[in-house]
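I opened this entry to look up a few backbone and strand details. Here is the structure I worked from.

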Amino acid sequence: MNDFAGKTALVTGASSGIGRALSRQLAARGARVILTARRQAALEAVAREIAPAESIVIAADLCDPAALEGLADEVERRVQRVDLLVNNAGVGLHKAAIESPPETVRQLFALNLFAPVELTRRLVPLIPPGGAVVNVSSIAGKIPVPNLNLYSASKYALNAFSDGLWMELRRKGIHVMSVCPGYVDTPFGSNILLGRAPSKVPGKKYFTISAEECALATLNGLGRGKRMVVTPRIGWLLVGVARLMPGLLFGRMAGRVRLSSESVENA
């Protein structure tokens, strides 16, 4: 998919970050964009940014099954087709798995995995041949990250969902692509469910991109029919090391792990 003129795209998490950047770039290429996220005012601000391109604003909390169902109903009512579904909304969790309360874990998976699965199930009947589903995952969905373990697990699952969906929808002519960015310079880190992102991460500068760069890589990947986009491209090196020498990489990462309980005991 490389021609977005006259197409309809639905972008979740469209109020900021990657979703906002994607919405702007899609509108600039002639698409009508359905903007959805929790915050009505923020969505309306994005709609003003992309005007005079046509947009539809539907506020919904995708962690709420009733709101998710209402979103799908509203989309089905207002448009006849969705050429591109971008499951972008997500949330982080910076805490060791054994220190994460179950209700927080359920909320994490509700947004990062269950919402994309359900929204895709509901809207695939509206996606015509030549359309696409894009699931925005993370490099952490290819390489498990300590103290980001459960976030990694949710994104690993999303990548597996994308791969299986690619196989299931191929005969319908619907393309499926996953996007695995590294560190994206967005407000994501300040909107995590629990914990706090570390101030210093080794090699972070090499894996950091802007939301606009991530959006552009996503649309370029669609244009080339990619099944997976890793951005920045240096991220493929890290993925390769994890595949070929997991013991070496995981051992180095494990050496930096500090649990809260250990910190208290050693205080």
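My notes on it follow.

I worked on a predicted model, where local features need pLDDT of at least 70, side-chain atom pairs count only at pLDDT 80 or more, and totals for chains, interfaces and linings use all residues. Residues are numbered from 1 along each chain as its sequence is written, and side-chain values use heavy atoms, with hydrogens and water left out.

**Strands.** I took helices (H or I, at least four residues) and strands (E, at least two) as DSSP runs, numbered from the N terminus. I looked up E3, residues 55-59, to see where its side chains point. Ile56 and Ile58 point to one face and are buried (under 20% relative accessible area; exposed is over 50%, partly exposed in between; 1.4 Å probe, protein chains only).

I then checked the pairing of E3. Strand E2 (residues 32-37) runs parallel to E3, joined by 5 bridges; strands pair if DSSP finds at least two bridges between them. Ala37 has Ala59 as its bridge partner in E3.

**Cis peptides.** I found the bond from Ala51 to Pro52 to be cis, with omega near 15°. Pro52 sits in the loop between H2 and E3. The peptide bond joining Thr231 and Pro232 is also cis, with omega about 0°. I placed Pro232 in the loop between strand E9 (228-231) and helix H7 (235-244).

**Positive phi.** Asn147 is not a glycine, yet its phi is positive, near 65°. I located Asn147 in the loop between strand E5 (132-136) and helix H5 (149-169). Asn147 counts as partly exposed because its relative accessibility is 24%.
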